[in-house]
Structures are given as structure tokens and as C-alpha cells.
Amino acid sequence: MSGSGRQQWQVQAEHSGSLIRLQNLIQRGSGSCLLILQQNRPSYRDGLIVFLGQENSRVLNLKELGNFDAFETELENQGQARILHLINLESLGQEKQQAFFKGLNYHREHIARTCPGILAFWLPEPLVREIALQAADFWAWREQVLDFSLPLVSIKRFSYDDLLYNVNANASAKQNRIEEIETFLARSAQQPSLNSTDLKRELGNLYKSISEYNKAKQMLTEAIAEYMEMDEVAACASTRNNLADLMVVQGEYEQALKIIREQVLPVYESLGDIQAKAVTMCRIADILQARGELDEALKIRQEEELPVYEKIDDVRAKAATMGRIADILQARGELDEAFKIYQEKVLPVYENLGDIQAKAVTMGKIADIFWARGKLDEALGIYHKKMLPVFEQLGDIRTKAVVFGRIADIFWTRGQLDEALKIFKDKVLPVCEKIGDIRGILFCRTKITLLLHEMDASANKEEIEELLRLALADTQRLKLPRETETIESIMKKFHIKAQ
């Protein structure tokens, strides 16, 4: 670091305690020692390394080394350095990171023999969590975990969630992640920490994604209580939103609205976070729309959401809200107005942004209007040419299955029942089973049942009864009142008794 750089850099007051503990560990010099040093600003990290002193220290930069093997080779050549600073593990791709964690775990004895001094891992928060999960035996050797993170007001907490809760992750991948977190939480101390609470929140959302709703509710509820205890107000509000989403899935609309209105909105209002408030109002409108309260939902879209996105000039959020307004108009049968909004207010924005996924979804809404108007060929053309290739390119197997479901519905409408049945059985149901989408499986089985009954109720009697009883058992187990009522109604109509 240059002289001018040294003058500009200074230790932040909130890190004085951690820095003193780190200096004492370095001075103590009592053999091999592993330190986990959490950081979120590389320039500040580099300043700390210089401040600690360069005598008998070395920096191992994984951006230059590139992988675990090179790191291990460099470790063997480091000589008698008292402290080795390992930096930029986050620069490696996901596969190389996983290989690095595996290498740490399997070669931990060799690493301890090779490095007689301090091995200091400088890691951002998500990788601190990952090393604890993926290299649990190596992690157990840590002397201390010290936090040198700086507040980053512009970066929202949980920004990595979308990566962790990828709806296209298959059921096996989700189960592996669940087992990793459960193992870590079982080993961790009784006293809650921010890391362990974050993991409980992640676990709750993972359970929700595979329709283990009771376990999901338990984990999210525990996470909320722990965030409250640690005074993590924003994280607590965000997790309450997750819990409300779960309640909506289970048809508990009133409870979900109560949580959002009484426990989430006031937090964002007190924090002055107008964007988070607008997003939360969007969630309320979604619930009202699902309950058929279209006028109230439309009022929120127009008066509580749009003005905020216009004020902060969030073009994407404004386009998304206009799309939701069009959804409401479409549901009210105002197809011309909805069509005009999709064509003039939504599509051009996503085209300018280069957002091919959002554009394809919007094209799907337009296809739905064609369908409603009886223009089935136009709708099919969009599904086949404007949507399927995009989701194939993106690897979005879930949305691709939804599109195939719409295509099957059109075949059904046309009386092409064999084609419709084949699509549901071959293109939709296997995807729902692969990603563990229990609601999707229920929906698909019900469609197959109705098709089989329409094609030949007598010949397909056994398969129809089996599918409906499976569906009923699932809806009752998952506590889905609306879906249970639907299945029971079909069974009554078909004169099938629940066993």
C-alpha cells in the first residue's frame, strides 16, 4: 500500500475489540492456528493486513492461484511465515469453491502440519457460512471467528436468497442442502448467532419449496424469534414476509394479511424504506387479487405502488406493476385494456432492458388473451415460438412445464384429449416430481384424472380412483383447504369414496 493510501486508511472504531484480539493471537505465537476473519470490503481488508505488519507474513491470493491444488502447493513453499492471509476465495467459480471446501476437509491434517503458524481466512459472510457447512471438520479447528465487516447501506440483506432458493433446483439438490443445514444446526452452539438464524430462515424456505409446510413454519417461526432477540429488525420483517407467503399457499389469507399489515409494514415505515414498503403493498395486493377483491387490489397497484416506482425511477418495477394492473383488468374481462398495457407499457420496457425472461412471460399473458378470445392458433404460436425456446435457453424447467400445461389445455379445449394427456404425463408431471413441487403434482394429477374420466370413465376407473385418493391425501397432509374441497367435490361427482 502506498504512503497516501496508508494515510487515507484507518481502523473503524467498531472493530477495535476484534483487532486487539487478533493482534494478541498473532503475538502469542503458539503453534498452528486457524482464524476465520469475516469481511465485506476488499480495500479495507487489505488495509488491515498491512496494519497488522508484513514481517513474517504472506498473502495467498486465490484470484492468482486459481484452485485448491495451487493453494496447497503454495502452502508447502511458504517457509516460516508466522501468518498466512488467504484472500479472494469468493473470486473462484462455484465448482472450484466446492472443490476447495472438500480439499480443506480431506487434507486438514496435512494443512495443519504444513502451516505451523496462523492461517487467516478472509471471507465474506456467505462463504463463512459455506465453509462451516461444506468443510465442517476443518471448521471445527478454528480458533476464533472475528468480524471486520463494514455497513453497506446500499446493499440489502439477503440479496443472495434468490440463488439459494432457485425453484429449478431439483428435489435431490434441495434435499442435500437441507441435510447440510440440519447437520450444521445440530452441531452448533445453543446460543443463537446471526449465521445460524440466517440458516434457519433458509431451511424454512427450502422446506416450503418441497411442500414440507409444518417444518417450514417451525423454522421460520424460530428464525423470527431469534432475529427479534438480536434486534435484527429488517431481517425479522423479511422473514415474516416469508411466513406470510407460506400462509397464502395454505389458504390462510386473513392470517397472512394480519402479519403483513401489523408486523411488516410498520417496520418499513419506521425505517423510511419506501421501496420495501411498496413491495410489501404489492404482496397485500397479490393476496387481495387471489381472494377476488380486484378493485381493492387495483387501487393499491395504482396508488401505493406505481407512484413510488415513478418517484425512484425504477423502470423495471414500474413495468412489473403495470403488468399486474393488466392482470387485474384481464381477470375483470377488460381484455382490450389489458392487451394494450401489455403491448405498449410492459413489453417495450423489457425489450429495452434486454430481459428475455420477463418479455417471454409477458408474451404468455398476451397469448392468454388470444386464448380467451378464441384465437387458439395465435395463442399456440406464442407458446411454441416465443416462450418455449426462451425457457429452454434459460434452463427454466419449471416455467417451461407451465407453458406445456397451457398447450395441453388448448389441445383439451379442441377435443384433442390424447395429445393433452400425453403432454401432462410426459412434459409436466415429471418436472413437478423432479423439483419436488407438490402443488404442481396435485394440479397435474387432477388434470390427468379429469381427462381420463372424459376419455373413458369406465376403462380408466382404477387409475382415476388411485390418482384422486393420492391427491386427497396430499391436500389433507399439507393442510390446503381449497384444494381439499376441490378434490372432494370431484370425488363426490365421480361417486368415489375416500378410503
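Helices are DSSP runs of type H or I with at least four residues, numbered from the N terminus. In this predicted model, Asp474 lies in helix 25, which spans residues 461-477. The relative accessible area of Asp474 is 15%. Because buried means under 20% relative accessible area, Asp474 counts as buried. When neighbours within four places in sequence are left aside, Asp474 is in contact with Leu442 and Arg445. With Arg445, the side chain of Asp474 also forms a polar contact of 3.4 Å.

Two helix pairs were examined for packing. Helix 12 (residues 194-209) and helix 14 (residues 233-249) have axes that come within 11 Å and cross at roughly 15°. Helix 12 is therefore roughly parallel to helix 14, and the crossing of these two helices is left-handed. On the side of helix 12, Arg201, Asn205 and Lys208 make the contact, while helix 14 contributes Ser238, Thr239, Asn242, Asp245, Leu246 and Val249. By class, two residues of this contact between helix 12 and helix 14 are nonpolar, four are polar and three are charged.

In the second pair, helix 16 (residues 274-290) packs with helix 18 (residues 315-331) at an angle of about 15°, and the axes are 12 Å apart. Helix 16 is therefore roughly parallel to helix 18. The crossing of helix 16 and helix 18 is left-handed. Cys282, Asp286 and Gln289 of helix 16 meet Arg324, Asp327 and Ile328 of helix 18 in this contact. The residues of the contact between helix 16 and helix 18 comprise two nonpolar, one polar and three charged.

Conventions
Residues numbered from 1 in each chain as written. Predicted model: local features only at pLDDT ≥ 70, side-chain atom pairs only at ≥ 80, totals over all residues. Heavy atoms only, no water. Axes fitted to C-alpha atoms, helices over the stretch in contact; angles between N-to-C directions. Parallel < 35°, antiparallel > 145°, perpendicular 65-115°, else oblique. Left-handed = near helix turned anticlockwise from the far one by under 90°. Contact = heavy atoms within 4.5 Å. Nonpolar A, V, L, I, M, F, W, Y, C, P; charged D, E, K, R; others polar. Buried < 20%, exposed > 50% of the residue type's maximum accessible area, 1.4 Å probe, protein only. Polar contact = N/O pair within 3.5 Å; in protein donor to acceptor, adjacent residues only side chain to side chain.
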